[in-house]
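Hi,

Here is the structure I promised to pass on to you. Have a look at it first, and then read on for what turned up.

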Amino acid sequence: MRNRILTSALLMGIATAAAAQSMYDARNFSANTSYGSARTIGMGNAVTAVGGDLGSIWFNPAGGAVAGYSQIMLGPGVSISTNSTTGSILTQGSTVPEGFGDSNSTSHPRFTLPSFGASLNVNTNRERGLVSYSISVLGTPSGNFLNEIFASGLQDRSTYLGYLATQADGIPSAELNGSGAYDNYPWLPVTAYQAGLIATYNGYTDKYAGATEFIQGEEIGLAGELDQRYGQLVFGNKYDIVFNWAGNISNFLYIGANLGITSLDYRYDDYIREQAIRSADFPIPFDDGTTKYFNDAKARYSYTASGAGVYAQLGLLARLPGGVRIGASVQTPTVIGVKERWSQDMSINYLGESTLSAESPAGKYSWRCRTPWRFNAGLAWTIGQVGLISADYELMNYKDMKLRSAYRNDSEFSDANWEISQYMGVSHALRIGAEFKPVRKLALRAGYGLVTSPEKGDDGKYITQSRTIGGNPVKVRSHDSSFSMGAGFISDGSFFADVAVRVHLKDNIYVRPYADYIENVPSPEITVFKNNLWDVFATVGWRF
């Protein structure tokens, strides 16, 4: 027998009519997955001090004036998310395989919104001063939200429906079924009760048990073994359209400015399903004297966010003797106006019976997210007509993020903004790239990137993860890394074509489909590893 940990004291008086915005939403919408063009991707996007390519102006506006010609380009692509999952429970600081313990692998392909660009180069016919300038427009993905997770396994210790029951404890059943239930109480227990996943017991009107649980006196526990399945799909992108002006001063110093418009499209969908291994283990007595047997239940949550914002960017690039170039840029914060939509639905099946279900109303809310400042610095060395090597450093202080109300009342975000101040810090990015031309018409490229996590723990130190370095397990600051390679063809005429492949190697993700609700019985945790995002990108264009 197991005694349940009640949570009603936390729930009473809480009304959920909006999604809970957090520092993770701000971080998610602030982060960049840079694209540009196939040439920049092939070089690891280490192009702050390179310029010349239309894709480079997203990193440094001054790069638009480096090329002494006009050009147009179009770049389609495809992204593929891959990962593997396994399950465990946390107990006394260690993990034990349990719940969602099957080994699963998923892959999810998606066509990427294409990059496009055009520039007009104007020669002033001067030998010194402003010898030329360019006017350009670039459209490019700046964020890629793509990940699919699937986990499964057998469970005989805890149940999602039991967790839902604890979320309803203390709320009168008449209130959960009332017309104002979704206005006055959290949506999870309301939908669970109206769908029949949970019910009162032993004559109580404010204590609940899940359809997967047995009741013996005041004791409640899991009635039998369950097949649990969890799925999550993240889908969407950020897309930037940049209007650029750049000037060439004496073929030595290049300056530029961008006006950028960013749009946001983010979609999140998850579900958890529990099915009885033997329905006979789950008898449910009904008030009419009949007994039904639980077969399976499913809960699904859907969320979408859309928005737009404007930012400015300034940059410079200098050509030094010996083929050395240096560049730097700064980008202002973007205030993104976010519009959210979400809904919750649940269903249950009894053996031989039709499906019972309930669906919440569609929730909606609007708020604003201020992203951090973005600083870039780069160094490149061009080796005649043979090739070049380059390196970039980027800094973003996520502590500068802020959630704000769309209605000029920021007090509702005080907790989230406090979390940002306490648990967010500086993210560092390093990008290294190279281009080599074995023959005049062919360019081969390679690149590497590393982005550190800005997240801190309760001790104020940056979060670390276990990695194997030199055959030894060590703790290193959490980060994502990427590797890229590509090739380019330059014709004798105006046509050019580039192709690139990039893989992002992401840190593990840990998902807990439901929180602990039974004393001394931890709920399962899903570990998502081998979490990679592949990009295949091509660019075709013409110079004139």
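In this predicted model, there are three cavities of 30 Å³ or more. The largest cavity holds about 120 Å³ of space. It is lined by 16 residues, and N32, K238, Q331, T334 and T371 are the closest to its centre. Two elements, α2 (23-30) and β9 (226-249), each give two or more residues to that lining. Sorted by class, the lining of the largest cavity has six nonpolar, seven polar and three charged residues.

The second largest cavity holds about 50 Å³. Among its 13 lining residues, G52, G64, A67, Q71 and S119 lie closest to the centre. Here β3 (104-123) and β4 (130-155) each supply at least two residues of the lining. Its classes come out as four nonpolar, eight polar and one charged.

Is R374 buried or exposed? R374 counts as buried because its relative accessible area is 2%, and the cut-off for buried is under 20%.

Which side chains does R374 join through polar contacts? One partner is Q331, at 2.7 Å, and another is E394, at 3.4 Å.

Happy exploring!

Terms used: Residues are numbered from 1 along each chain as its sequence is written. This is a predicted model: local features need pLDDT of at least 70, side-chain atom pairs count only at pLDDT 80 or more; totals for chains, interfaces and linings use all residues. Side-chain values use heavy atoms; hydrogens and water are left out. Buried means under 20% relative accessible area, exposed over 50%, partly exposed in between (1.4 Å probe, protein chains only). A polar contact is a pair of N or O atoms within 3.5 Å; within protein, one must be able to donate a hydrogen and the other to accept it, and residues adjacent in sequence count only if both atoms are side-chain atoms. On a 1 Å grid over the protein atoms alone, a cavity is a set of points where a 1.4 Å probe fits but cannot get out, and a pocket is an open set with protein on both sides within 12 Å along at least five of seven lines; lining residues have an atom within 4 Å of a point. Grid points are joined across faces, edges and corners, and a volume is the space filled by probe spheres set on the points. Helices (H or I, at least four residues) and strands (E, at least two) are DSSP runs, numbered from the N terminus. Ala, Val, Leu, Ile, Met, Phe, Trp, Tyr, Cys and Pro count as nonpolar, Asp, Glu, Lys and Arg as charged, and the others, Gly among them, as polar.
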